Amino acid sequence: MVDYQRIQKDCFWDLNISNAQIDNIIRGTDKRKVNMLFEKILLNSTALFKDLEIFDKKQLENLLENYKLPSFNGDYAFRRKNMAEVYFFDKPLLIDELKWVA
């Protein structure tokens, strides 16, 4: 179940967007809008993994693979992107502080 209110509060504090609009973006074919929604969730969601589940698995994999890290907050974005890759696709964890020390 999608928590639209949390997504709106966390990710769209700077825009006025409705539940229906978010749903239309998810189900739509406008890649620019899907990328915008993905980036808003990736960078702002307080429930990152739960909110990324709104995308189907193949679509999420494609979004993560094609995501270009911004220069402004690149380290933060890299960490969030890598955590999503690890969680959803068993990719290697590249964040040293989060690795188990043996």
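Which residues is Asn82 in contact with, leaving aside its neighbours within four places in sequence? Asn82 is in contact with Pro92, Leu93, Leu94 and Ile95, where contact means heavy atoms within 4.5 Å.

This is a predicted model, in which local features need pLDDT of at least 70 and side-chain atom pairs count only at pLDDT 80 or more, while totals for chains, interfaces and linings use all residues. Residues are numbered from 1 along each chain as its sequence is written, and side-chain values use heavy atoms, with hydrogens and water left out.

**Helix H6**

Asn82 is placed in helix H6; helices are DSSP runs of H or I with at least four residues, numbered from the N terminus. With a relative accessibility of 1%, Asn82 counts as buried. Buried means under 20% relative accessible area, exposed over 50%, and partly exposed in between, with a 1.4 Å probe and protein chains only. A polar atom of the Asn82 side chain lies 3.1 Å from the backbone oxygen of Pro92.

Lys81 also has its place in H6, which covers residues 74-89. Its relative accessibility is 15%, so Lys81 counts as buried. The Lys81 side chain reaches the backbone oxygen of Leu64 at 3.5 Å. Apart from neighbours within four places in sequence, Lys81 is in contact with Leu42, Leu64, Tyr67 and Leu69.

Other buried residues of H6 include Gly74, Ala77, Arg80, Phe88 and Phe89. The cover over the buried residues of this helix includes H3, H4 and H5. The 16 residues of H6 should span 22 Å at 1.5 Å a residue, and the end C-alpha atoms are 21 Å apart, which agrees. The expected span is 1.5 Å times one less than the number of residues.

Asp90 follows H6. Asp90 has a positive phi of about 50 degrees although it is not a glycine, and at 71% relative accessibility it counts as exposed.

**Nonpolar core**

A nonpolar core is a set of buried Ala, Val, Leu, Ile, Met, Phe, Trp, Tyr and Cys residues joined through side-chain atoms within 4.5 Å. The largest one has 26 residues, and Ile22, Leu37, Phe38, Ile41, Leu52, Phe55 and Leu60 have the most contacts inside it. Two or more residues of this core come from each of H1, H2, H3, H4, H5 and H6. H3 gives the largest share, six residues. Not counting residues up to four places away in sequence, Leu60 touches Phe38, Leu52, Phe55, Phe88 and Phe89. In soluble globular proteins, nonpolar side chains tend to be buried together.

**Salt bridges**

A salt bridge is a side-chain nitrogen of Lys or Arg within 4 Å of a carboxyl oxygen of Asp or Glu. By this rule the count is nine, and the table gives some of them.

| Pair | N to O distance |
|---|---|
| Arg6 and Asp51 | 2.4 Å |
| Asp14 and Lys40 | 2.9 Å |
| Arg79 and Glu97 | 2.4 Å |

Asp51 is buried, at 2% relative accessibility.

Asp14, in the loop between H1 and H2, and Lys40, in H3, are 26 residues apart. Asp14 is partly exposed at 39% relative accessible area, whereas Lys40 is buried at 15%.

Arg79 in H6 and Glu97 in the segment after H6 are 18 residues apart. Arg79 is partly exposed, with a relative accessible area of 33%, and Glu97 is exposed at 59% relative accessibility.

Key: Polar contact = N/O pair within 3.5 Å; in protein donor to acceptor, adjacent residues only side chain to side chain.
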